[in-house]
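Subject: Structure for you to look through, with notes

Dear colleague,

I am handing over the structure below, together with some notes on what was found in it. Please keep the view open while you read, and look up each part as it comes.

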Amino acid sequence: MRAAARYNMTDHTGNPDAEHISVMRNEVLDLFQCKPGGIYVDATVGLGGHSQGILERIQPGGLLIGIDRDRESLDKAQVRLKPFSGSYRLLHDNFKNLPLILNNLATRPVDGILLDLGVSSYQLLSSERGFSFQSDEMLDMRMDRSQQWTAADLVNNISEAELADIIYRFGEERLSRRIAAAIVQERSRAPITRCAQLADIISRAFRVRGHQGIHPATRTFQALRIAVNEELEGLEELLLEAFGFLRSGGRIVVIAFHSLEDRIVKRAFRKLAGQCVCDAPPELCTCPRQALACLLTHRPMTPSPEELAANPRARSARLRALERI
Ligand SMILES: C[S@@+](CC[C@H](N)C(=O)[O-])C[C@H]1O[C@@H](n2cnc3c(N)ncnc32)[C@H](O)[C@@H]1O
């Protein structure tokens, strides 16, 4: 039986074409304390839910700079944000280029920067871009379709050891070696091209149904997505650099959806707040202790029970925020 038939293929609302419900929207807007005339960066515009909330609050005279590497998502955001035309710039780019983008726009220092990381429900469920093990789409997973390397390229071309490493590091999957071996055995017969095909190979590698209450392919698909889109590469450096574009009192808010991402955000924020990020005993620590920012969240904020009831997809969200001194 195909994975798609065994597991729920729709989102929590039962709608296979579900769009994206912005996660922790109220918390983001409360933290930004947007005022008319403010300048904000939404580095992960997606379908524009957070951007819309910001734009509603910075009129008149405000500017929103919105970035996304997914052109289709940007097109949808463009339609949503049309009522605010003239108050925003949408750019198809990787947020890793944010310093370059802000330098080119030569704006004054900005009031806030948002990164709502990962993929949207639209990309996962409706974009037919092969992100989901619950679909039978082509195995693709590129957020930016102008990029060449797809998940199928990865799965069919890299060595078994590299595959196992990716699945272990980015999926934190303890059965990574077994899964990599199963993939390599299967691809020697025929290329792996479809999501459901890969999901079935992984499910069979588990030999038992289900794993810690989640679909057996969950962690491997996450790992491949992170690898294809190089999601963790340069994230810490980007946060440190982006911070330099904030005005004094300006804020960065980051929502992460898995522990690998959240660890990077936590580390960058601690550095900016002049806190230790090494494992050395206090007497041997040489971390710079100059505080450039103060943490607004000592522990990550999580979605409220009301939000989780309305949008269970938000369950893994971890929000961290910091303010430039
Ligand atoms: C969780 S969604 C954002 C949803 C959005 N906040 C909303 O309310 O609709 C994450 C978005 O970030 C984009 N994205 C992820 N990594 C990116 C990167 N490095 N550069 C630009 N966009 C990125 C994805 O394409 C996706 O549209």
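Before the first residue is named, one term is needed: a residue is called buried when its relative accessible area is under 20%, exposed when it is over 50%, and partly exposed in between, as judged with a 1.4 Å probe on protein chains only. By that rule Ala77 counts as buried, because its relative accessibility is 0%.

Please also bear in mind that this is a predicted model, in which local features need pLDDT of at least 70 and side-chain atom pairs count only at pLDDT 80 or more, while totals for chains, interfaces and linings use all residues. Residues are numbered from 1 along each chain as its sequence is written, and side-chain values use heavy atoms, with hydrogens and water left out.

Ala77 and its surroundings

Ala77 lies in helix H4, residues 71-81, where helices (H or I, at least four residues) and strands (E, at least two) are DSSP runs numbered from the N terminus. If residues up to four places away in sequence are not counted, Ala77 touches Val45, Gly46, Leu47, Gly48 and Leu90, contact meaning heavy atoms within 4.5 Å. Ala77 and Gln52 are 25 residues apart in sequence, and their C-alpha atoms are 8.9 Å apart in space. Gln52 is itself one of the buried residues of helix H3, a helix of residues 49-57 that is mostly covered, with seven of its nine residues buried.

The sheet

In what order do the seven strands of the open sheet stand? The order is S3-S2-S1-S4-S5-S7-S6, with mixed pairing, and two strands are said to pair if DSSP finds at least two bridges between them. Strand S3 (88-92) and S6 stand at the edges with a single partner strand each, so one side of each is left without a neighbour in the sheet. From one strand to the next the twist averages 15 degrees.

Strand S1 comprises residues 39-42 and is joined by four bridges to strand S2 (residues 63-68), the two running parallel; Asp42 stands opposite Gly66 in S2. Ile39 and Val41 point one way from S1, Tyr40 and Asp42 point the other way, and all are buried. For Ile39 the relative accessibility is 9%, and its contacts, leaving aside neighbours within four places in sequence, are Leu63, Ile65, Thr107, Arg108, Val110, Asp111 and Gly112. By contrast, Ile39 and Met141 are 102 residues apart in sequence and 32 Å apart in space, C-alpha to C-alpha.

Further along, strand S4 (residues 110-116) pairs with S5 in the parallel sense over six bridges, and Gly112 stands opposite Arg251 in S5. Strand S5 (residues 246-256) is also joined to S7 by six bridges, in this case antiparallel, with Val253 having Ala321 as its bridge partner in S7. Three bridges join strand S6 (residues 293-295) to S7, again antiparallel, and here Ala293 has Arg324 as its partner. Because five of the seven residues of strand S7 (residues 318-324) are buried, S7 is largely enclosed by the rest of the structure.

Helices

Helix H12 (residues 235-243) lies across S4, S5, S6 and S7 and runs at about 155 degrees to S5; axes are lines fitted to C-alpha atoms, for helices over the stretch in contact, and angles run from 0 to 180 degrees between N-to-C directions. Which residues of H12 are buried? They are Leu235, Glu236, Leu238, Leu239, Ala242 and Phe243. Of these, Glu236 has 14% relative accessibility, and it touches Ile264, Arg267, Ala268 and Lys271, not counting residues up to four places away in sequence.

Finally, helix H8 (residues 160-171) and helix H11 (residues 218-229) pack at an angle of about 100 degrees, with their axes 8 Å apart. That makes H8 roughly perpendicular to H11, since angles under 35 degrees count as roughly parallel, over 145 as roughly antiparallel, 65 to 115 as roughly perpendicular and the rest as oblique.

Best wishes
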